[in-house]
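Subject: Structure handover: pockets, patch, salt bridges, cavities

Hello,

Here is the structure for your work. My notes follow below it.

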Amino acid sequence: MFSAGAALVAGLLLRLWFLRHYSLVTGDSLLYGEIAKNWLLHGIYGFTDTNAAGATTIRPTLIRLPGYPLFLAACFRIFGMEHYRAVLRVQAVVDLLTCALAGLTVRWLFGVRAALAVLWLAALCPFTANYAAAPLTETLTLNAMALVFYAFLRWQQAGCGLGRWFWIMGAALAWSILLRPEQGLLTAAVLPAVWVAARRAHWLNLNFRRTMLSVVLAALCAVLPLAPWTARNWSTFHVFQPLAPRDAVNPGELDPIGFNRWFRSWGMEYESTEEVYWNYGGFPVLLSDLPTRAFDADSPAATAALQAQTASLLAGYNKTMAVTPQIDARFGVLAAQRIRAHPVLYHAGLPFARVVDMLLRPRTELLPTPLDWWRWRVYRGQTLFAGGYAALDLAYLVLGIAGFLAWKRRRWSPVNRSNYAPLALAMLATILLRLALLLTLDNSEPRYTLELFPVLFVFAGALFARRPSPDAR
């Protein structure tokens, strides 16, 4: 009844249900799709521009790494141009493979019973399943992470040599970076663990050169695929850009630094991201969509003056809804005033609040749930649903944390004599590095914490492990 096959079937049904009822092809999905289409049809990695006369040109871009467009191009070639339904079906299968990899990792670490429990947890996780129904990088990124950790485990079991699992691990690290630029943090977390594991394996014969070779080769595997991309960016734009730029702007385009700093001086919750941050540069930004803390000052008179200054600035922007150096400079002046008035809030309080919001708010951003779901008198059903979703999200976080602590208490080897401290610490470092990166972001997006789930699944497995035998101790 609770077999692995049943878990995978249940997981597939859940993903197909999301695909049928809540598939979403918009925003970033269309950007990736346009790049893939132009790459296939015209050999140009870029966007289509149409002038006033109706003529079209293709403008090269570097704001997105080539991993996901490459995946879309392959799907378009096989299933038909812009056949997004087929893409989502492939992603559903990929996400199930992620669940299977998590289960297999736990199987080697904690035994069959724990593996089965984790497989069910992963297969029925609605948060990861929901993203399989959107053409975005998350599903493939989670799969690459799960493969990295599984390959690392098998590599360590095989004696830390340069066998197939080492090269699979390196390829998965490279693919992860090609999908999302911040996945370089995954490599940064894994390389020290490679050193520790190889050092332990080669300790008896003191073969330190072989240990260093393992680390160097793993690093080269991760970064070498970026060489063609970096060369292309230098040839096309004459800039050294091995990854995608932080603010997703092409060389020569205006980087809205002033607006971003202003938003960062008060932005905290996801609804402000949707209503203000994403609207800037093409849609109106309304004063009524700003929370009161956007006008906070030391006195009522100063607050009123700041609100009037903000209203005037937004009115000027809303006339054309264009990002100009003059408008952005005015946002920069406003941001500087707010930062001087609240330096601790800007540098510490708000970044921490944004990370908490990304971790704990209901993961309903791909569902038709209102942004102000907490208004009980207006959205009773939606409030109950969102509250339940938030509780489920918290449950996964608690299971992961409790599992990590249980694994630590068993000295990283609950089932056999092997010690998997390097793997455990690499997974923990992945979480900590990602949270540290999220502290630097301007806006709150819950999907940026979705990459924690492959680690949480494996950590949770320790809670279902059988007790170690006396021999294992």
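Which residues form a nonpolar patch on the surface? The patch consists of F352, V356, L360, L394, V398 and L439, and together they have about 500 Å² of accessible area. More on that below, after two notes on the model.

This is a predicted model, with pLDDT of at least 70 needed for local features and 80 or more for side-chain atom pairs, while totals for chains, interfaces and linings use all residues. Numbering runs from 1 along each chain as its sequence is written, and side-chain values use heavy atoms, with hydrogens and water left out.

**Nonpolar patch**

Patch members have over 30% relative accessible area and no salt bridge; nonpolar side chains (Val, Leu, Ile, Met, Phe, Trp, Tyr) are joined within 5 Å, like charges within 9 Å. Areas come from the Shrake-Rupley method with a 1.4 Å probe, and for residues only the protein chains shown count as cover. Helices (H or I, at least four residues) and strands (E, at least two) are DSSP runs, numbered from the N terminus. α16 and α17 are the elements that give two or more residues to the patch. α16 gives the most, with three residues. L394 sits in helix α17. Its relative accessible area is 42%, so L394 is partly exposed (buried is under 20%, exposed over 50%, partly exposed in between, with a 1.4 Å probe and protein chains only).

**Second largest pocket**

The search uses a 1 Å grid over the protein atoms alone. A pocket is an open set of points with protein on both sides within 12 Å along at least five of seven lines; a cavity is a set where a 1.4 Å probe fits but cannot get out; lining residues have an atom within 4 Å of a point. Points are joined across faces, edges and corners, and a volume is the space filled by probe spheres set on them.

The second largest pocket holds about 280 Å³ of space. It is lined by 16 residues, and L397, I401, I431, L435 and L456 are the closest to its centre. Four helices each supply at least two lining residues: α16 (343–360), α17 (380–409), α18 (421–438) and α19 (453–461). The largest share, six residues, comes from α17. By class, the lining has 15 nonpolar residues, one polar and no charged. Here Ala, Val, Leu, Ile, Met, Phe, Trp, Tyr, Cys and Pro count as nonpolar, Asp, Glu, Lys and Arg as charged, and the others, Gly among them, as polar.

**Salt bridges**

The rule is a side-chain nitrogen of Lys or Arg within 4 Å of a carboxyl oxygen of Asp or Glu. The count comes to 19 salt bridges. Some of them:

- E82 pairs with K37, with the closest N and O atoms 3.3 Å apart. E82 is in the loop between α3 (67–79) and α4 (84–110), K37 in helix α2 (residues 28–42), and the two are 45 residues apart. Both are partly exposed: E82 at 39% relative accessibility, K37 at 28%.
- D442 meets R246 at 3.8 Å, N to O. D442 lies in the loop between α18 and α19 and R246 in the loop between α11 (226–237) and α12 (257–264), so the pair ties together parts 196 residues apart in sequence. D442 is buried at 8% relative accessibility, whereas R246 is exposed at 52%.
- R293 pairs with E269, the closest N and O atoms being 2.3 Å apart. R293 is in the loop between α13 (270–277) and α14 (300–320), E269 in the loop between α12 and α13, 24 residues apart. E269 is buried, at 10% relative accessibility.

There is also a network: salt bridges that share partners join D28, R64, E138, R180, E182, R434, E445, R447 and E451.

**Cavities**

Two cavities of 30 Å³ or more were counted.

D95, T98, C99, T128, L142, P454 and F457 line it. α4 and α19 are the elements that give two or more residues, and α4 gives the most, with three. Four lining residues are nonpolar, two polar and one charged.

Best wishes
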